[in-house]
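Take a look at the sequence and the structure before reading on.

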Amino acid sequence: MFFASMILGAADISVKDVWLSLFSATAANSADVIREIRLPREAAAIFVGAALAVAGAMMQGMTRNPLADPGLLGLTAGANAALALTLAFIPSANYFGIMIACFVGAAIGGALVFGLGAVRKGGFSPFRLVLAGAAVTAFLSAIAEGIGLYFNISKNVSMWTAGGLIGTSWGQLQIVVPFITIGLFAALFLSRQLTILSLNEEAAVGLGQNIARVKAILFLAITILAGAAVALAGNMAFLGLMVPHVVRSIVGTDYRVVIPMSAILGAVFMLFADLLGRTINAPFETPVAAIVAMLGLPFFLLIVRKGGKAFA
């Protein structure tokens with residue numbers, strides 16, 4: 001999928017040109033297009049897809065909620081709202097500052113959803129969390145749009161939050177990729193604890209786990225992954241919902257396998273969605289977020305209809 005994404009697009013590039021540009025000092029005619037436009041874009045697709053898929057898998061395991069997803073439970077909406085606030089009040093903020101703001105916004109959005117979901121006795125039911133996520137997402141999205149209109153920065157906010165990988169640069173990747181890598185390694189490190197936690201909290205306590213500490217580290221890793229993905233590619237709902245379900249239907253429920261497989265399949269899916277966006281109506285681009293949503297919404301409805309067991 002990576003090589004298909006490098007070859008196909010509005011510009012006519014041969015397999016030989018891609019190979020020479022990537023693996024040879026001999027510059028192909030289209031070397032600049034490959035090295036400075038397509039390569040960083042597809043690298044971003046790999047890391048964003050892996051980050052969102054792993055974040056979704058961790059959320060589903062931690063909450064034992066089959067509908068959990070960073071885009072559905074307020075994290076990406078919180079990151080978008082924080083991004084709009086940063087563009088409005090700190091217009092000179094660099095890319096690193098914007099990414100930190102996205103981290104904070106994602107944490108606030110997630111905390112609001114989980115707080116609302118736990119207000120009533122017996123909180124954290126799957127559908128209550130989804131309803132809380134819908135309400136918080138609508139609220140935070142309205143804040144982002146209102147700020148954009150009031151401060152006349154709607155175009156800038158929309159360019160960030162629409163969802164896409166157009167214009168991704170090596171400089172952006174140098175800032176974002178280390179954070180995503182840290183989040184992925186944290187997920188792998190805690191995969192055994194997450195497997196036990198996803199089955200039963202009482203069993204986890206009986207096996208000596210510190211539930212509060214494990215959940216705090218998991219939530220921090222989820223926030224880093226979701227915030228970094230939003231800072232790089234904007235709002236991408238449903239990707240973190242779909243991929244873990246498909247992975248669990250193939251490899252089972254052991255998160256020591258689910259986490260790395262989710263990262264791989266998430267990267268493949270994001271590359272595929274970006275390729276569709278670039279080629280469906282070339283030379284014009286179809287928003288990647290729209291493609292992901294078109295594929296993800298029927299999947300979401302199927303999971304709701306099956307009570308979370310459609311791919312379990």
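Is Arg-41 buried or exposed? Arg-41 is buried, because its relative accessible area is 7% and the cut-off for buried is under 20%. Keep in mind that this is a predicted model.

## Salt bridges around Arg-41

Side chains of opposite charge can pair when their charged atoms come close. The structure has five salt bridges. One of them joins Arg-41 to Asp-274, with the closest N and O atoms 2.9 Å apart. Arg-41 sits in helix α3 and Asp-274 in helix α13.

Glu-285 is partly exposed, with a relative accessible area of 34%.

Which side chain does Asp-254 meet in a salt bridge? The partner is Arg-256, at 2.9 Å from N to O. Asp-254 counts as partly exposed, because its relative accessibility is 23%.

## Helix α12 and its neighbours

Helix α12 has 13 residues. From first C-alpha to last, α12 reaches 18 Å, close to the 18 Å expected at 1.5 Å a residue. The helix is followed by Gly-252, whose phi is positive, near 95°.

Which residues of α12 are buried? They are Leu-239, Gly-240, Leu-241, Met-242, Val-243, Pro-244, His-245, Val-247 and Arg-248. These buried residues pack against three helices: α3, α13 (255-279) and α14 (288-305).

## Where α3 crosses α12

Helix α3 covers residues 31-63, and helix α12 covers residues 239-251. Their axes come within 7 Å and cross at roughly 70°. That angle makes α3 roughly perpendicular to α12, because angles of 65 to 115 degrees fall in that class. On the α3 side, the contact is made by Gly-49, Leu-52, Ala-53, Gly-56, Ala-57 and Gln-60. On the α12 side, it is made by Leu-239, Gly-240, Leu-241, Val-243, Pro-244, His-245 and Arg-248. Sorted by class, the contact has seven nonpolar, five polar and one charged residues.

Leu-173 is found in helix α8 (residues 170-189). It is buried, with a relative accessible area of 6%. What does Leu-173 touch, leaving aside residues up to four places away in sequence? The contacts are Pro-40, Ala-43, Ala-44, Thr-168, Pro-178 and Leu-232. Leu-232 is 59 residues apart from Leu-173 along the chain, yet their C-alpha atoms are separated by 8.1 Å.

Thr-86 is found in helix α4 (residues 75-89). Thr-86 is buried too, at a relative accessible area of 9%. Not counting residues up to four places away in sequence, Thr-86 touches Pro-91, Ala-93, Ile-98 and Ala-101.

Most residues other than glycine have a negative phi. Two residues here deserve a look.

Arg-64 has a phi near 50°, a positive value in a residue other than glycine. Its place is in the loop between α3 and α4. Arg-64 counts as partly exposed, because its relative accessibility is 37%.

Where does Asn-152 lie? Asn-152 is in the loop between α6 (126-150) and α7 (154-161). Its phi is near 55°, again a positive value in a residue other than glycine. Asn-152 counts as exposed, because its relative accessibility is 70% and the cut-off for exposed is over 50%.

Key:
Residues numbered from 1 in each chain as written. Predicted model: local features only at pLDDT ≥ 70, side-chain atom pairs only at ≥ 80, totals over all residues. Heavy atoms only, no water. Axes fitted to C-alpha atoms, helices over the stretch in contact; angles between N-to-C directions. Helix = DSSP H or I, 4+ residues; strand = E, 2+ residues; numbered from the N terminus. Parallel < 35°, antiparallel > 145°, perpendicular 65-115°, else oblique. Contact = heavy atoms within 4.5 Å. Nonpolar A, V, L, I, M, F, W, Y, C, P; charged D, E, K, R; others polar. Buried < 20%, exposed > 50% of the residue type's maximum accessible area, 1.4 Å probe, protein only. Expected span 1.5 Å × (residues − 1). Salt bridge = Lys/Arg side-chain N within 4 Å of Asp/Glu carboxyl O.
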